[in-house]
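Please read the following report alongside the sequence and the model.

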Amino acid sequence: MGLGRWALGAGRWAVWQSAAMSVSPSGLSSPDERVVRAVCPHDCPDTCALRITVQDGRVTHVAGDPDHPPTHGALCTKVSRYAERTYHPDRVLTPLKRVGKKGEGRFEPVGWDEALDDIATRLKSIAARNPQAVLPYSYAGTMGLVQGDGMAARFFHRLGASLLDRTICSMAGGDALVHTYGAKVGMHVEQFVHSRLILIWGSNPITSSVHFWTFAQQAKRAGARLICIDPRRTETAEKCHQHIALLPGTDGALALGLMHELVVNDWLDHDYLQRHVDDWPALRERALQWPPDRAAAVCGISAEEVQELAREYGNTQPAAIRLNYGMQRVRGGGSAARLIAMLPCLVGAWRQASGGLLLSASGWFRHAKRDAWLQRPDLLGDRKPRTINMSTIGDDLNRESSPTFGPRIEAVVVYNSNPVAVAPDSAQVARGFAREDLFTVVLEHFLTDTADHADYVLPATTQLEHWDAHMAYGHTYAMLNTPAIAPLGQARSNAQIFRDLAVRMDCTDAAFADSDEAMARGAWVPEQVNAENLDRQGWSKLQVADAPFADGGFPTPDGKVRVHGNGLGVPDHVPNYESVQSAPELAARYPLAMISPPARHFLNSTFVNVDSLRAAEKEPRLELHPSDAAARGIRSGTQVRVFNERGEYLCKADVSERARPGVVNGLGVWWRKMGLNGTNVNQLTHQGLTDIGRAPVFYDCLVEVQAA
Ligand SMILES: Nc1nc2c(c(=O)[nH]1)N[C@H]1C(S)=C(S)[C@@H](COP(=O)(O)OP(=O)(O)OC[C@H]3O[C@@H](n4cnc5c(=O)[nH]c(N)nc54)[C@H](O)[C@@H]3O)O[C@H]1N2
Ligand SMILES: Nc1nc2c(c(=O)[nH]1)N[C@H]1C(S)=C(S)[C@@H](COP(=O)(O)OP(=O)(O)OC[C@H]3O[C@@H](n4cnc5c(=O)[nH]c(N)nc54)[C@H](O)[C@@H]3O)O[C@H]1N2
Ligand SMILES: [Mo]
């Protein structure tokens, strides 16, 4: 199917026809088949090593690298379709200039010179008044260090643009790890194979981290017990021995209830606590305030579930926790992650390689990456621009100048992100991007909801067409992505686009002369990452001990786990902004808690336009428990209105035991324009922030549902 099904006018369709015809013969004319080593660029803990088969300059096959241990030759359904996405007939392959109204998505093709000259002139004139009126907006469309915030960061630092606080995904849990362990560090994913007990907590790996799941299954076959802690009965929960379906945003209370039981039953490793935790007595005192009855009442589970879980966790070694970001998208997400991160210390789980916790491994790269060289913050000189939180873009785009806020945002340059679809409270985000006085440039592969609002859309290369360097947040291998084919059409890499703009804005610094390849190869500290390994096999493993904290040595100033964090105090359960318990008046009108976790065949809003993957997801849907559905006269397949005071979202009801009573699950981030009424689930979410990390609270949201 082409864009025609939801295209707004024949004019736009014509643009697409001509764009598709401009696909160039690749320029690589070797008749022989060859295999190129690459890396999956997507925002996923697994960061797979790829082998790309190319014939006559065209990619014919994308496979997982069998030699890369975390990838072990397997790929998810999405990325095995990567060629389908790259050669998609709707790819943007020439620069486009807006001819319709903002949001309408009507464009005409223009030449690169015309587009870049005009963009440079507009940015220069705004920057001459105040460079902070220019805002870069980006996230993890690609996680590459070069096409992410390499050359782009150099460009915006040189300009003195506003800085962006990249909070939209992982900051609450990430900052919690930094407060607790000193860095975002954890177990090796390969080590889960030998765990005897695995808590899969706020994570649905069959959907979102399938390579971890392979290791967990191996452990299960070897006799390990798997327990899933998740409000939704996910595909993963079904395959575990036990599922604890707590209410969203109550994980801190569960962790405290577990600690209470570990203390009163003395299932503790006193030696580990004494030597490697800075103030166990203070944490113990907090835990004793949370007997199982209290924790269970908050979590909406039984006291026996708390007691039994504590018994298993306190008496099984090695015990491992696979925590994921699903549990920290609520007001108290940071405190909950701090509490859970302390659990392995109570039982001494860190003593073994297959015990401990993995939320993120990205901190292992902190001394391996040359961030200052890649991003050149020194180009700011002594200017100190303000920082805009990407998670409150809805409000911030609509703000006037003020002494506290600074200048009104006059220009936004978006790359690697689709904020109109993925940012919370999207009615406000769309209103901001619809401002006629906002100058918007979007670097993209496709006409997303955000690109529809652009003054210029610039065609970006995909991972198959450019160089990059990759770290990971679920394993410890540095990786090199080599382009497999020449850029399609007139596409240019993000880095090249910023280089081209820099020249037009009189940035003469040598920072703008580094090529993409030079940046991909120069990204690493040579002592940490072996360049020869990168070239030969595509990756190089960091030197991290198998059991990194067997004898303490956490990356905190004194090597101990910090109970008070960095001056935060002893964590406690923090209730949601919106829940039946914490906001009863609101709950009288909107009694259902809504979570919106990832859809298996999409990656955030990426892949929604790939026909085969969208077909697998069928249509936007909301899972409701049979009791909640019956009370509202709703059956599976009924079109429903999901609403609260921020807006409404139409989708199909899926009456299912996957939902627990009182909680509804709105899966995946659909493109608004592919939804039933031009909205998606973020029409309902709000711009409140987490207790730690200034992050969004997508899963802290009350709604009501009616048959439409
Ligand atoms: N297929 C696919 N894979 C993905 C993504 C995707 O969109 N699709 N997204 C990628 C991204 S950006 C990220 S950040 C990662 C990780 O992304 P995460 O958001 O961690 O995703 P999941 O692993 O699906 O885990 C979320 C799980 O947490 C559950 N959950 C929701 N609220 C709570 C709560 O309050 N407590 C607990 N205990 N559980 C809760 C949800 O029901 C869901 O099953 O995955 C990546 N992988
Ligand atoms: N309701 C709700 N909302 C959520 C979430 C949720 O669970 N529920 N999850 C949140 C999470 S965890 C995250 S991480 C964010 C994700 O938010 P985003 O990082 O914005 O992720 P995507 O929606 O995947 O959009 C990435 C875009 O980058 C583009 N892209 C990919 N590669 C390149 C490239 O090389 N160059 C250029 N120029 N563009 C490229 C893709 O085409 C795609 O349109 O969404 C958040 N939003
Ligand atoms: Mo994310």
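This is a predicted model: local features need pLDDT of at least 70, side-chain atom pairs count only at pLDDT 80 or more; totals for chains, interfaces and linings use all residues.

Residues are numbered from 1 along each chain as its sequence is written, chains are lettered from A and ligands numbered from 1 in the order in which they are written, and side-chain values use heavy atoms, with hydrogens and water left out.

**The two ligands**

Around ligand 1 there are 34 residues, the closest being Ser-208, Asp-230, Gly-249, Asp-251 and Phe-602, where a residue counts as near if one of its heavy atoms lies within 4 Å of the molecule. By class this shell comprises 17 nonpolar, 10 polar and seven charged residues; here Ala, Val, Leu, Ile, Met, Phe, Trp, Tyr, Cys and Pro count as nonpolar, Asp, Glu, Lys and Arg as charged, and the others, Gly among them, as polar. Ligand 2 is surrounded by 31 residues, of which Arg-85, Glu-444, Ser-605, Thr-606 and Tyr-699 are the closest, and its shell divides into 12 nonpolar, 15 polar and four charged residues.

The table lists polar contacts of both ligands, a polar contact being a pair of N or O atoms within 3.5 Å; within protein, one must be able to donate a hydrogen and the other to accept it, and residues adjacent in sequence count only if both atoms are side-chain atoms.

| Ligand atom | Protein atom | Distance |
|---|---|---|
| Ligand 1, oxygen | Gly-202, backbone N or O | 3.3 Å |
| Ligand 1, oxygen | Gly-249, polar backbone atom | 2.8 Å |
| Ligand 1, nitrogen | Ala-599, polar backbone atom | 3.2 Å |
| Ligand 2, nitrogen | Val-422, polar backbone atom | 3.0 Å |
| Ligand 2, oxygen | Glu-444, side-chain N or O | 2.5 Å |
| Ligand 2, nitrogen | Ser-596, polar side-chain atom | 2.9 Å |

Taken alone, ligand 2 exposes 920 Å², and the protein buries 97% of that, with accessible areas taken from the Shrake-Rupley method with a 1.4 Å probe and, for residues, only the protein chains shown counting as cover.

**Helix H15**

Helix H15 (residues 333–346) has 14 residues and reaches 21 Å from its first C-alpha to its last, close to the 20 Å expected at 1.5 Å a residue, the expected span being 1.5 Å times one less than the number of residues. Helices (H or I, at least four residues) and strands (E, at least two) are DSSP runs, numbered from the N terminus. In H15, 14 of its 14 residues are buried, where buried means under 20% relative accessible area, exposed over 50%, and partly exposed in between (1.4 Å probe, protein chains only). H15 is followed by Gly-348, whose phi is positive, near 70 degrees.

**Salt bridges**

The structure holds 47 salt bridges, each a side-chain nitrogen of Lys or Arg within 4 Å of a carboxyl oxygen of Asp or Glu. In one of them, Asp-455 pairs with Lys-102, with the closest N and O atoms 3.1 Å apart. Asp-455 sits in the loop between strand S15 (439–444) and strand S16 (456–459), and Lys-102 in the loop between strand S4 (96–98) and strand S5 (107–109), 353 residues apart. Asp-455 counts as buried at 11% relative accessibility, and Lys-102 is buried at 9%.

Asp-572 and Arg-286 also meet in a salt bridge (3.6 Å, N to O). Asp-572 lies in the loop between strand S19 (539–541) and helix H23 (584–589) and Arg-286 in helix H12 (residues 280–287), so the pair ties together parts that are 286 residues apart in sequence. Asp-572, at 24%, is partly exposed, whereas Arg-286, at 18%, is buried.
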